[in-house]
Number of protein chains: 2
Amino acid sequence: MAKKGQYTYEYPHPAVTADCVVFGYDGKELKVLLIKRGAEKEASTRAYVGQWALPGGFLDVETDKTVAHTAARELKEETGLKLSVKDFKEVGTFSDIKRDPRERVITVAHYALVKLTDVRADTDADNAGWFSWSDIPNLAFDHDKILRVAFSRLKQDIHFEPVGFELLPEVFTLPQLQNLYESILEVKFDRRNFANKMKHFEILSEVQDGTPRKGTRTPIKYRFQKDNYERLKRNGFQLEF
Amino acid sequence: MAKKGQYTYEYPHPAVTADCVVFGYDGKELKVLLIKRGAEKEASTRAYVGQWALPGGFLDVETDKTVAHTAARELKEETGLKLSVKDFKEVGTFSDIKRDPRERVITVAHYALVKLTDVRADTDADNAGWFSWSDIPNLAFDHDKILRVAFSRLKQDIHFEPVGFELLPEVFTLPQLQNLYESILEVKFDRRNFANKMKHFEILSEVQDGTPRKGTRTPIKYRFQKDNYERLKRNGFQLEF
DNA sequence: CTTGATTATGTAAAAATTACACAAAATATT
DNA sequence: AATATTTTGTGTAATTTTTACATAATCAAG
(Lines give C-alpha, C1' and ligand atoms only; values in the text may rest on other atoms or scores of the structure.)
Protein backbone atom coordinates (compact mmCIF):
# COMPACT_ATOMS: atom_id res chain seq x y z
CA MET A 1 0.00 0.00 0.00
CA ALA A 2 1.14 3.51 -0.72
CA LYS A 3 2.95 5.19 2.12
CA LYS A 4 0.95 7.52 4.27
CA GLY A 5 1.80 11.08 3.54
CA GLN A 6 0.46 14.13 1.82
CA TYR A 7 -1.12 13.75 -1.59
CA THR A 8 -2.36 16.94 -3.12
CA TYR A 9 -4.59 17.59 -6.13
CA GLU A 10 -5.99 20.68 -7.79
CA TYR A 11 -9.52 19.33 -7.61
CA PRO A 12 -11.10 17.09 -5.00
CA HIS A 13 -10.81 13.38 -5.66
CA PRO A 14 -13.01 10.63 -4.32
CA ALA A 15 -11.65 7.52 -2.71
CA VAL A 16 -12.33 4.34 -4.67
CA THR A 17 -12.94 0.94 -3.13
CA ALA A 18 -13.72 -2.52 -4.43
CA ASP A 19 -16.18 -4.73 -2.58
CA CYS A 20 -16.66 -8.46 -2.97
CA VAL A 21 -19.80 -10.51 -2.80
CA VAL A 22 -18.54 -14.07 -2.51
CA PHE A 23 -21.23 -16.67 -3.00
CA GLY A 24 -20.91 -20.25 -1.84
CA TYR A 25 -23.30 -23.17 -1.65
CA ASP A 26 -23.40 -25.82 1.04
CA GLY A 27 -25.71 -28.26 -0.69
CA LYS A 28 -28.78 -26.69 0.89
CA GLU A 29 -28.54 -22.95 0.75
CA LEU A 30 -26.75 -20.13 -0.93
CA LYS A 31 -24.19 -18.49 1.34
CA VAL A 32 -22.34 -15.20 1.40
CA LEU A 33 -18.99 -14.41 2.94
CA LEU A 34 -18.99 -11.44 5.30
CA ILE A 35 -16.38 -9.86 7.52
CA LYS A 36 -16.60 -8.20 10.87
CA ARG A 37 -15.33 -4.67 10.65
CA GLY A 38 -12.54 -4.09 13.11
CA ALA A 39 -10.97 -0.91 14.42
CA GLU A 40 -8.47 0.06 11.75
CA LYS A 41 -5.12 1.34 12.81
CA GLU A 42 -5.84 4.64 11.13
CA ALA A 43 -8.51 6.57 12.93
CA SER A 44 -9.51 8.12 9.64
CA THR A 45 -10.50 4.77 8.20
CA ARG A 46 -12.68 3.67 11.10
CA ALA A 47 -16.32 3.31 10.31
CA TYR A 48 -19.06 0.89 11.31
CA VAL A 49 -16.69 -0.83 13.73
CA GLY A 50 -18.01 -4.19 14.87
CA GLN A 51 -20.61 -4.46 12.12
CA TRP A 52 -20.73 -7.09 9.44
CA ALA A 53 -19.83 -5.96 5.95
CA LEU A 54 -18.73 -7.15 2.56
CA PRO A 55 -15.01 -7.78 2.22
CA GLY A 56 -13.36 -4.97 0.32
CA GLY A 57 -11.17 -1.96 0.61
CA PHE A 58 -9.42 0.95 -0.95
CA LEU A 59 -7.86 0.93 -4.38
CA ASP A 60 -4.13 1.25 -4.16
CA VAL A 61 -3.60 3.89 -6.80
CA GLU A 62 0.02 3.00 -7.35
CA THR A 63 -0.07 -0.77 -7.50
CA ASP A 64 -3.56 -2.17 -8.18
CA LYS A 65 -3.69 -2.81 -11.91
CA THR A 66 -7.49 -2.67 -11.96
CA VAL A 67 -10.24 -2.53 -9.38
CA ALA A 68 -10.64 -6.28 -9.78
CA HIS A 69 -7.09 -6.53 -8.47
CA THR A 70 -8.15 -4.45 -5.50
CA ALA A 71 -11.02 -6.85 -4.91
CA ALA A 72 -8.78 -9.90 -5.03
CA ARG A 73 -6.14 -8.33 -2.81
CA GLU A 74 -8.57 -7.11 -0.18
CA LEU A 75 -10.48 -10.36 -0.11
CA LYS A 76 -7.29 -12.22 0.66
CA GLU A 77 -6.18 -9.70 3.27
CA GLU A 78 -9.50 -9.71 5.05
CA THR A 79 -10.67 -13.29 4.82
CA GLY A 80 -7.67 -15.36 3.75
CA LEU A 81 -9.48 -16.41 0.58
CA LYS A 82 -7.19 -16.36 -2.44
CA LEU A 83 -9.05 -15.97 -5.71
CA SER A 84 -7.81 -15.13 -9.16
CA VAL A 85 -8.60 -11.70 -10.56
CA LYS A 86 -10.60 -13.27 -13.34
CA ASP A 87 -12.91 -14.96 -10.85
CA PHE A 88 -14.46 -11.57 -10.12
CA LYS A 89 -17.35 -10.31 -12.17
CA GLU A 90 -18.22 -6.69 -11.91
CA VAL A 91 -21.65 -5.97 -10.50
CA GLY A 92 -21.67 -2.20 -10.69
CA THR A 93 -20.62 1.06 -9.18
CA PHE A 94 -22.19 2.52 -6.07
CA SER A 95 -21.54 6.18 -5.81
CA ASP A 96 -24.19 7.92 -3.73
CA ILE A 97 -22.72 11.06 -2.36
CA LYS A 98 -23.46 10.14 1.27
CA ARG A 99 -22.83 6.41 1.18
CA ASP A 100 -19.72 6.70 3.35
CA PRO A 101 -19.69 9.03 6.33
CA ARG A 102 -15.96 9.68 6.16
CA GLU A 103 -15.44 11.10 2.73
CA ARG A 104 -16.69 10.64 -0.81
CA VAL A 105 -16.16 6.99 -1.65
CA ILE A 106 -17.11 5.30 -4.89
CA THR A 107 -17.17 1.55 -4.69
CA VAL A 108 -17.05 -0.97 -7.48
CA ALA A 109 -18.85 -4.13 -6.44
CA HIS A 110 -17.83 -7.53 -7.70
CA TYR A 111 -19.10 -11.00 -7.21
CA ALA A 112 -17.32 -14.32 -7.18
CA LEU A 113 -18.46 -17.92 -6.93
CA VAL A 114 -16.55 -20.47 -4.92
CA LYS A 115 -16.84 -24.11 -4.04
CA LEU A 116 -17.43 -24.10 -0.31
CA THR A 117 -15.91 -27.55 -0.12
CA ASP A 118 -12.62 -26.12 -1.34
CA VAL A 119 -12.39 -22.88 0.55
CA ARG A 120 -14.08 -23.29 3.87
CA ALA A 121 -10.81 -24.21 5.54
CA ASP A 122 -9.03 -21.19 4.08
CA THR A 123 -11.35 -18.60 5.50
CA ASP A 124 -10.12 -16.95 8.59
CA ALA A 125 -12.97 -17.71 10.99
CA ASP A 126 -12.26 -14.96 13.51
CA ASN A 127 -13.02 -12.08 11.22
CA ALA A 128 -15.12 -13.74 8.54
CA GLY A 129 -18.18 -15.89 8.33
CA TRP A 130 -20.47 -17.58 5.83
CA PHE A 131 -24.07 -16.45 6.13
CA SER A 132 -27.13 -18.08 4.64
CA TRP A 133 -28.79 -15.96 2.02
CA SER A 134 -31.98 -16.11 4.02
CA ASP A 135 -30.31 -14.90 7.17
CA ILE A 136 -28.07 -11.93 6.45
CA PRO A 137 -27.38 -9.56 9.36
CA ASN A 138 -27.51 -5.80 9.11
CA LEU A 139 -24.59 -4.62 7.06
CA ALA A 140 -22.37 -1.55 7.09
CA PHE A 141 -22.67 1.23 4.52
CA ASP A 142 -24.98 0.40 1.60
CA HIS A 143 -23.78 -3.18 1.54
CA ASP A 144 -27.27 -4.64 1.79
CA LYS A 145 -28.14 -2.85 -1.43
CA ILE A 146 -24.96 -4.09 -3.08
CA LEU A 147 -25.79 -7.60 -1.99
CA ARG A 148 -29.26 -7.44 -3.51
CA VAL A 149 -27.90 -6.12 -6.80
CA ALA A 150 -25.20 -8.77 -6.86
CA PHE A 151 -27.76 -11.49 -6.30
CA SER A 152 -29.99 -10.24 -9.06
CA ARG A 153 -26.97 -10.17 -11.31
CA LEU A 154 -26.18 -13.77 -10.43
CA LYS A 155 -29.80 -14.60 -11.17
CA GLN A 156 -29.39 -13.11 -14.63
CA ASP A 157 -26.06 -14.72 -15.33
CA ILE A 158 -27.28 -18.21 -14.54
CA HIS A 159 -29.26 -18.11 -17.77
CA PHE A 160 -26.11 -17.84 -19.84
CA GLU A 161 -23.28 -19.23 -17.78
CA PRO A 162 -22.91 -22.53 -15.97
CA VAL A 163 -22.66 -20.77 -12.64
CA GLY A 164 -24.05 -23.78 -10.88
CA PHE A 165 -20.90 -25.68 -11.60
CA GLU A 166 -18.67 -23.07 -10.07
CA LEU A 167 -20.58 -23.35 -6.80
CA LEU A 168 -20.92 -27.11 -6.55
CA PRO A 169 -18.13 -29.53 -5.70
CA GLU A 170 -16.40 -31.25 -8.61
CA VAL A 171 -18.68 -34.22 -8.16
CA PHE A 172 -22.33 -33.62 -7.38
CA THR A 173 -25.78 -35.10 -7.76
CA LEU A 174 -28.71 -33.97 -9.88
CA PRO A 175 -30.82 -33.08 -6.86
CA GLN A 176 -28.00 -30.87 -5.60
CA LEU A 177 -27.76 -29.14 -8.93
CA GLN A 178 -31.50 -28.67 -9.09
CA ASN A 179 -31.67 -27.32 -5.57
CA LEU A 180 -28.96 -24.81 -6.40
CA TYR A 181 -30.82 -23.59 -9.47
CA GLU A 182 -33.96 -23.33 -7.41
CA SER A 183 -32.17 -21.36 -4.72
CA ILE A 184 -30.77 -18.85 -7.16
CA LEU A 185 -33.82 -18.51 -9.36
CA GLU A 186 -36.24 -18.72 -6.43
CA VAL A 187 -38.55 -21.16 -8.18
CA LYS A 188 -39.28 -24.89 -8.05
CA PHE A 189 -38.79 -27.26 -10.97
CA ASP A 190 -40.26 -30.61 -11.81
CA ARG A 191 -37.58 -33.22 -11.16
CA ARG A 192 -38.13 -35.13 -14.39
CA ASN A 193 -38.15 -32.07 -16.58
CA PHE A 194 -35.06 -30.71 -14.92
CA ALA A 195 -33.20 -33.97 -15.43
CA ASN A 196 -34.31 -34.23 -19.06
CA LYS A 197 -33.22 -30.73 -19.87
CA MET A 198 -29.86 -31.15 -18.21
CA LYS A 199 -29.24 -34.44 -19.99
CA HIS A 200 -30.24 -32.86 -23.25
CA PHE A 201 -27.46 -30.31 -22.93
CA GLU A 202 -24.94 -33.12 -22.63
CA ILE A 203 -22.74 -31.23 -20.21
CA LEU A 204 -22.92 -33.78 -17.40
CA SER A 205 -20.97 -36.98 -17.25
CA GLU A 206 -21.66 -39.77 -14.80
CA VAL A 207 -19.01 -40.54 -12.25
CA GLN A 208 -18.49 -43.96 -10.68
CA ASP A 209 -17.44 -43.57 -7.13
CA GLY A 210 -17.30 -45.46 -3.87
CA THR A 211 -20.89 -44.54 -3.02
CA PRO A 212 -20.69 -42.75 0.29
CA ARG A 213 -24.40 -42.99 1.03
CA LYS A 214 -26.81 -40.88 2.99
CA GLY A 215 -30.11 -42.04 4.48
CA THR A 216 -31.91 -42.86 1.26
CA ARG A 217 -31.42 -44.11 -2.24
CA THR A 218 -27.91 -43.31 -3.45
CA PRO A 219 -28.03 -40.62 -6.10
CA ILE A 220 -25.94 -40.85 -9.25
CA LYS A 221 -22.87 -38.64 -9.15
CA TYR A 222 -22.00 -36.33 -12.00
CA ARG A 223 -19.16 -34.17 -13.12
CA PHE A 224 -19.46 -31.03 -15.26
CA GLN A 225 -18.23 -31.59 -18.80
CA LYS A 226 -16.44 -28.38 -19.55
CA ASP A 227 -15.35 -29.22 -23.10
CA ASN A 228 -18.89 -29.91 -24.24
CA TYR A 229 -20.08 -26.75 -22.57
CA GLU A 230 -17.45 -24.63 -24.31
CA ARG A 231 -18.45 -26.09 -27.66
CA LEU A 232 -22.11 -25.35 -27.03
CA LYS A 233 -21.30 -21.85 -25.93
CA ARG A 234 -19.40 -21.09 -29.10
CA ASN A 235 -22.54 -21.95 -31.06
CA GLY A 236 -24.46 -19.40 -29.05
CA PHE A 237 -26.46 -21.66 -26.82
CA GLN A 238 -28.58 -20.49 -23.98
CA LEU A 239 -28.60 -22.35 -20.71
CA GLU A 240 -32.13 -21.58 -19.74
CA PHE A 241 -34.67 -22.48 -17.08
CA MET B 1 -17.55 22.49 -10.22
CA ALA B 2 -15.37 22.61 -7.18
CA LYS B 3 -13.01 25.54 -7.01
CA LYS B 4 -9.47 24.95 -8.06
CA GLY B 5 -7.20 24.82 -5.09
CA GLN B 6 -5.32 22.41 -2.95
CA TYR B 7 -6.97 19.20 -1.88
CA THR B 8 -4.86 16.99 0.28
CA TYR B 9 -5.32 13.36 1.35
CA GLU B 10 -3.31 10.95 3.45
CA TYR B 11 -3.31 8.36 0.69
CA PRO B 12 -3.31 8.85 -3.06
CA HIS B 13 -6.76 9.08 -4.65
CA PRO B 14 -7.65 8.38 -8.26
CA ALA B 15 -9.70 10.73 -10.36
CA VAL B 16 -13.10 9.37 -11.36
CA THR B 17 -14.86 10.13 -14.61
CA ALA B 18 -18.11 9.09 -16.23
CA ASP B 19 -18.24 8.40 -19.96
CA CYS B 20 -21.31 8.16 -22.14
CA VAL B 21 -22.01 5.93 -25.08
CA VAL B 22 -25.07 7.47 -26.67
CA PHE B 23 -26.69 5.28 -29.29
CA GLY B 24 -29.03 6.54 -31.95
CA TYR B 25 -30.64 5.00 -35.00
CA ASP B 26 -31.36 6.74 -38.28
CA GLY B 27 -33.56 4.07 -39.83
CA LYS B 28 -30.63 2.35 -41.47
CA GLU B 29 -27.74 2.12 -39.08
CA LEU B 30 -26.85 2.32 -35.45
CA LYS B 31 -25.06 5.57 -34.60
CA VAL B 32 -22.89 6.77 -31.76
CA LEU B 33 -22.37 10.30 -30.51
CA LEU B 34 -18.74 11.39 -30.25
CA ILE B 35 -17.04 14.62 -29.35
CA LYS B 36 -13.88 16.23 -30.56
CA ARG B 37 -11.50 16.77 -27.72
CA GLY B 38 -10.50 20.40 -27.44
CA ALA B 39 -7.69 22.10 -25.57
CA GLU B 40 -9.02 22.48 -22.05
CA LYS B 41 -8.38 25.67 -20.21
CA GLU B 42 -6.41 23.79 -17.62
CA ALA B 43 -3.14 22.50 -18.99
CA SER B 44 -3.35 19.63 -16.55
CA THR B 45 -6.51 18.31 -18.14
CA ARG B 46 -5.27 18.37 -21.72
CA ALA B 47 -4.95 14.99 -23.34
CA TYR B 48 -5.64 13.60 -26.80
CA VAL B 49 -6.42 17.10 -28.10
CA GLY B 50 -8.15 17.01 -31.46
CA GLN B 51 -9.10 13.35 -31.25
CA TRP B 52 -12.58 11.95 -31.20
CA ALA B 53 -13.74 10.55 -27.90
CA LEU B 54 -16.78 9.58 -25.90
CA PRO B 55 -18.48 12.44 -24.12
CA GLY B 56 -17.69 12.39 -20.43
CA GLY B 57 -15.72 14.03 -17.70
CA PHE B 58 -14.68 14.22 -14.12
CA LEU B 59 -16.93 13.48 -11.19
CA ASP B 60 -17.58 16.58 -9.19
CA VAL B 61 -16.99 15.20 -5.72
CA GLU B 62 -18.99 17.89 -4.02
CA THR B 63 -22.09 18.12 -6.16
CA ASP B 64 -22.61 15.04 -8.39
CA LYS B 65 -25.05 12.84 -6.50
CA THR B 66 -23.91 9.73 -8.38
CA VAL B 67 -21.67 9.00 -11.34
CA ALA B 68 -24.79 8.82 -13.49
CA HIS B 69 -25.30 12.48 -12.61
CA THR B 70 -21.77 13.13 -13.79
CA ALA B 71 -22.58 11.42 -17.06
CA ALA B 72 -25.74 13.46 -17.58
CA ARG B 73 -24.04 16.72 -16.66
CA GLU B 74 -21.01 16.17 -18.85
CA LEU B 75 -23.06 14.99 -21.79
CA LYS B 76 -25.05 18.19 -21.70
CA GLU B 77 -21.96 20.37 -21.28
CA GLU B 78 -20.11 18.72 -24.14
CA THR B 79 -22.80 18.00 -26.68
CA GLY B 80 -25.85 20.02 -25.67
CA LEU B 81 -27.86 16.82 -25.25
CA LYS B 82 -30.03 16.92 -22.16
CA LEU B 83 -30.92 13.47 -20.85
CA SER B 84 -32.38 12.37 -17.57
CA VAL B 85 -30.13 10.58 -15.11
CA LYS B 86 -32.29 7.49 -15.35
CA ASP B 87 -31.71 7.25 -19.09
CA PHE B 88 -28.18 6.09 -18.37
CA LYS B 89 -27.43 2.45 -17.86
CA GLU B 90 -24.13 1.51 -16.36
CA VAL B 91 -21.85 -0.49 -18.60
CA GLY B 92 -18.92 -1.00 -16.30
CA THR B 93 -15.79 0.39 -14.79
CA PHE B 94 -12.56 0.79 -16.69
CA SER B 95 -9.64 1.09 -14.38
CA ASP B 96 -6.44 -0.01 -16.05
CA ILE B 97 -3.57 1.65 -14.31
CA LYS B 98 -2.22 3.27 -17.48
CA ARG B 99 -5.46 4.11 -19.26
CA ASP B 100 -4.95 7.84 -18.83
CA PRO B 101 -1.50 9.37 -19.31
CA ARG B 102 -2.11 12.21 -16.87
CA GLU B 103 -2.91 10.49 -13.65
CA ARG B 104 -4.79 7.48 -12.35
CA VAL B 105 -8.30 7.78 -13.69
CA ILE B 106 -11.11 5.29 -13.15
CA THR B 107 -14.00 5.74 -15.50
CA VAL B 108 -17.53 4.46 -15.16
CA ALA B 109 -19.02 3.94 -18.59
CA HIS B 110 -22.72 4.37 -19.26
CA TYR B 111 -24.91 3.98 -22.26
CA ALA B 112 -28.05 5.77 -23.28
CA LEU B 113 -30.52 5.34 -26.13
CA VAL B 114 -32.05 8.30 -27.89
CA LYS B 115 -34.47 8.94 -30.70
CA LEU B 116 -32.33 10.63 -33.34
CA THR B 117 -35.43 12.31 -34.70
CA ASP B 118 -35.82 14.11 -31.39
CA VAL B 119 -32.30 15.07 -30.54
CA ARG B 120 -30.40 15.68 -33.72
CA ALA B 121 -31.17 19.38 -33.60
CA ASP B 122 -30.00 19.67 -30.00
CA THR B 123 -26.53 18.36 -30.57
CA ASP B 124 -23.91 20.99 -30.89
CA ALA B 125 -22.48 20.18 -34.30
CA ASP B 126 -19.14 21.93 -33.91
CA ASN B 127 -17.82 19.70 -31.20
CA ALA B 128 -19.97 16.63 -31.60
CA GLY B 129 -20.97 14.22 -34.33
CA TRP B 130 -22.99 11.12 -34.94
CA PHE B 131 -20.94 8.25 -36.34
CA SER B 132 -22.18 5.07 -37.94
CA TRP B 133 -21.38 2.00 -35.93
CA SER B 134 -19.57 0.59 -38.94
CA ASP B 135 -17.40 3.67 -39.30
CA ILE B 136 -15.99 4.76 -35.97
CA PRO B 137 -12.77 6.77 -36.03
CA ASN B 138 -9.82 6.16 -33.74
CA LEU B 139 -10.76 7.21 -30.27
CA ALA B 140 -8.90 8.73 -27.37
CA PHE B 141 -7.92 6.70 -24.29
CA ASP B 142 -9.48 3.23 -24.17
CA HIS B 143 -12.72 4.52 -25.58
CA ASP B 144 -12.79 1.98 -28.39
CA LYS B 145 -12.81 -0.76 -25.80
CA ILE B 146 -15.54 0.97 -23.84
CA LEU B 147 -17.57 1.28 -27.01
CA ARG B 148 -17.28 -2.43 -27.75
CA VAL B 149 -18.30 -3.37 -24.23
CA ALA B 150 -21.23 -0.95 -24.33
CA PHE B 151 -22.41 -2.43 -27.60
CA SER B 152 -22.23 -5.96 -26.30
CA ARG B 153 -24.19 -4.82 -23.29
CA LEU B 154 -26.85 -3.33 -25.52
CA LYS B 155 -26.91 -6.61 -27.42
CA GLN B 156 -27.62 -8.43 -24.19
CA ASP B 157 -30.21 -5.98 -22.96
CA ILE B 158 -32.27 -6.16 -26.12
CA HIS B 159 -33.34 -9.64 -25.08
CA PHE B 160 -35.08 -8.33 -22.00
CA GLU B 161 -35.93 -4.71 -22.61
CA PRO B 162 -37.73 -3.02 -25.46
CA VAL B 163 -34.65 -1.08 -26.39
CA GLY B 164 -35.75 -0.90 -29.98
CA PHE B 165 -38.55 1.41 -29.02
CA GLU B 166 -36.26 3.85 -27.30
CA LEU B 167 -34.25 4.24 -30.48
CA LEU B 168 -37.05 4.47 -33.02
CA PRO B 169 -39.34 7.45 -33.52
CA GLU B 170 -42.73 7.33 -31.80
CA VAL B 171 -44.24 6.03 -35.00
CA PHE B 172 -42.35 3.46 -37.01
CA THR B 173 -42.76 0.56 -39.40
CA LEU B 174 -42.15 -3.13 -38.92
CA PRO B 175 -39.25 -3.17 -41.40
CA GLN B 176 -37.61 -0.37 -39.44
CA LEU B 177 -38.02 -2.26 -36.21
CA GLN B 178 -36.67 -5.43 -37.78
CA ASN B 179 -33.70 -3.66 -39.29
CA LEU B 180 -32.87 -2.19 -35.91
CA TYR B 181 -32.98 -5.57 -34.23
CA GLU B 182 -30.81 -6.94 -36.99
CA SER B 183 -28.31 -4.11 -36.59
CA ILE B 184 -27.95 -4.65 -32.89
CA LEU B 185 -27.99 -8.42 -32.88
CA GLU B 186 -25.94 -8.67 -36.09
CA VAL B 187 -28.16 -11.32 -37.58
CA LYS B 188 -30.90 -11.49 -40.23
CA PHE B 189 -34.45 -12.57 -39.50
CA ASP B 190 -37.18 -13.95 -41.68
CA ARG B 191 -39.67 -11.15 -42.20
CA ARG B 192 -42.76 -13.30 -41.61
CA ASN B 193 -41.44 -14.84 -38.44
CA PHE B 194 -40.35 -11.49 -37.11
CA ALA B 195 -43.77 -9.99 -37.75
CA ASN B 196 -45.56 -12.95 -36.21
CA LYS B 197 -43.48 -12.87 -33.11
CA MET B 198 -43.90 -9.14 -32.66
CA LYS B 199 -47.63 -9.36 -33.14
CA HIS B 200 -47.79 -12.21 -30.69
CA PHE B 201 -46.34 -10.00 -27.97
CA GLU B 202 -49.17 -7.52 -28.53
CA ILE B 203 -47.01 -4.53 -27.79
CA LEU B 204 -47.53 -2.81 -31.14
CA SER B 205 -50.58 -0.84 -32.11
CA GLU B 206 -51.34 0.26 -35.63
CA VAL B 207 -51.40 3.95 -36.32
CA GLN B 208 -53.49 5.60 -39.00
CA ASP B 209 -51.60 8.51 -40.45
CA GLY B 210 -51.41 10.68 -43.51
CA THR B 211 -49.26 8.14 -45.37
CA PRO B 212 -46.15 10.02 -46.29
CA ARG B 213 -44.97 7.50 -48.84
CA LYS B 214 -41.59 6.52 -50.13
CA GLY B 215 -40.90 4.81 -53.45
CA THR B 216 -42.60 1.54 -52.75
CA ARG B 217 -45.56 0.04 -51.03
CA THR B 218 -46.52 2.10 -48.01
CA PRO B 219 -45.72 0.20 -44.86
CA ILE B 220 -48.11 0.10 -41.93
CA LYS B 221 -47.15 2.44 -39.13
CA TYR B 222 -47.01 1.30 -35.55
CA ARG B 223 -46.66 2.74 -32.12
CA PHE B 224 -45.18 0.99 -29.10
CA GLN B 225 -47.79 0.00 -26.57
CA LYS B 226 -46.10 0.70 -23.30
CA ASP B 227 -48.94 -0.38 -20.99
CA ASN B 228 -49.11 -3.85 -22.50
CA TYR B 229 -45.36 -4.14 -22.33
CA GLU B 230 -45.28 -3.21 -18.66
CA ARG B 231 -47.92 -5.81 -17.93
CA LEU B 232 -45.99 -8.49 -19.78
CA LYS B 233 -42.82 -7.54 -18.00
CA ARG B 234 -44.40 -7.90 -14.60
CA ASN B 235 -45.25 -11.49 -15.47
CA GLY B 236 -41.60 -12.14 -16.22
CA PHE B 237 -41.70 -12.25 -19.97
CA GLN B 238 -38.68 -12.44 -22.16
CA LEU B 239 -38.49 -10.34 -25.32
CA GLU B 240 -36.43 -12.75 -27.27
CA PHE B 241 -35.08 -13.20 -30.77
C1' DC C 1 -48.95 -0.50 -68.39
C1' DT C 2 -44.68 -2.73 -67.34
C1' DT C 3 -40.82 -2.96 -64.29
C1' DG C 4 -38.52 -2.83 -59.91
C1' DA C 5 -38.50 -2.34 -55.23
C1' DT C 6 -40.66 -3.00 -51.00
C1' DT C 7 -44.18 -4.70 -47.92
C1' DA C 8 -47.78 -7.93 -46.10
C1' DT C 9 -49.42 -12.36 -45.05
C1' DG C 10 -50.38 -18.01 -43.41
C1' DT C 11 -49.42 -22.75 -42.75
C1' DA C 12 -47.23 -27.14 -42.09
C1' DA C 13 -43.24 -29.52 -39.96
C1' DA C 14 -40.03 -29.72 -36.31
C1' DA C 15 -38.52 -28.77 -31.83
C1' DA C 16 -39.07 -27.55 -27.19
C1' DT C 17 -41.75 -27.34 -23.17
C1' DT C 18 -44.94 -28.88 -20.04
C1' DA C 19 -47.69 -31.95 -17.22
C1' DC C 20 -47.83 -35.93 -14.92
C1' DA C 21 -47.12 -41.17 -11.64
C1' DC C 22 -44.82 -45.05 -10.25
C1' DA C 23 -40.92 -48.06 -9.14
C1' DA C 24 -36.22 -48.62 -6.99
C1' DA C 25 -32.76 -47.87 -3.39
C1' DA C 26 -31.42 -47.07 1.01
C1' DT C 27 -32.16 -46.40 6.03
C1' DA C 28 -34.81 -46.46 10.22
C1' DT C 29 -38.49 -48.66 12.86
C1' DT C 30 -40.86 -52.31 14.77
C1' DA D 1 -37.12 -60.14 9.07
C1' DA D 2 -40.69 -57.38 7.65
C1' DT D 3 -42.49 -52.72 7.15
C1' DA D 4 -42.47 -47.88 6.76
C1' DT D 5 -40.19 -43.66 5.31
C1' DT D 6 -37.46 -40.88 2.59
C1' DT D 7 -35.25 -39.74 -1.52
C1' DT D 8 -33.93 -40.73 -6.21
C1' DG D 9 -34.63 -42.17 -11.04
C1' DT D 10 -37.22 -42.54 -15.16
C1' DG D 11 -40.80 -41.93 -19.97
C1' DT D 12 -44.50 -40.28 -22.69
C1' DA D 13 -48.36 -37.75 -24.50
C1' DA D 14 -50.29 -33.05 -25.08
C1' DT D 15 -49.27 -28.41 -25.82
C1' DT D 16 -46.71 -24.62 -27.23
C1' DT D 17 -43.12 -22.47 -29.65
C1' DT D 18 -40.07 -22.12 -33.32
C1' DT D 19 -38.75 -22.69 -37.81
C1' DA D 20 -38.98 -22.91 -42.81
C1' DC D 21 -40.91 -21.29 -46.72
C1' DA D 22 -43.69 -18.45 -51.50
C1' DT D 23 -46.92 -15.43 -53.37
C1' DA D 24 -49.66 -11.36 -53.94
C1' DA D 25 -50.28 -6.28 -53.08
C1' DT D 26 -48.68 -1.43 -53.19
C1' DC D 27 -46.26 2.27 -54.94
C1' DA D 28 -43.06 5.13 -57.94
C1' DA D 29 -40.57 5.50 -62.13
C1' DG D 30 -39.89 4.80 -66.81
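A polar contact is here a pair of N or O atoms within 3.5 Å, of which, within protein, one must be able to donate a hydrogen and the other to accept it; residues adjacent in sequence count only if both atoms are side-chain atoms. By this rule, 22 residue pairs, both members at pLDDT 80 or more, are in polar contact across the interface of chain A and chain B. The structure is a predicted model, in which local features need pLDDT of at least 70 and side-chain atom pairs count only at pLDDT 80 or more, whereas totals for chains, interfaces and linings use all residues. Residues are numbered from 1 along each chain as its sequence is written, chains are lettered from A and ligands numbered from 1 in the order in which they are written, and side-chain values use heavy atoms, with hydrogens and water left out.

The contact (heavy atoms within 4.5 Å) involves 41 residues from chain A and 41 residues from chain B. About 3700 Å² is buried between the two chains, 56% of it on carbon and sulfur atoms; buried area is the accessible area (1.4 Å probe) that two parts lose on being put together, summed over both. Of the area that chain A buries against chain B, 18% is supplied by Glu10(A), Tyr11(A) and Pro12(A), more than by any other three residues.

Two salt bridges (a side-chain nitrogen of Lys or Arg within 4 Å of a carboxyl oxygen of Asp or Glu) are counted between chain A and chain B. In a salt bridge between Lys4(A) and Glu10(B), the closest N and O atoms are 3.7 Å apart. On chain A, β1 (7–9), β2 (15–25), β6 (89–94) and β7 (105–113) each supply at least two residues of the side that touches chain B; strands are DSSP runs (E, at least two residues), numbered from the N terminus.

β1(A) pairs with strand β1 (residues 7–9) of chain B in the antiparallel sense over three bridges, where pairing requires that DSSP find at least two bridges between the strands. Within β1(B), Tyr9(B) is the bridge partner of Tyr7(A).

Notes:
Helices (H or I, at least four residues) and strands (E, at least two) are DSSP runs, numbered from the N terminus.
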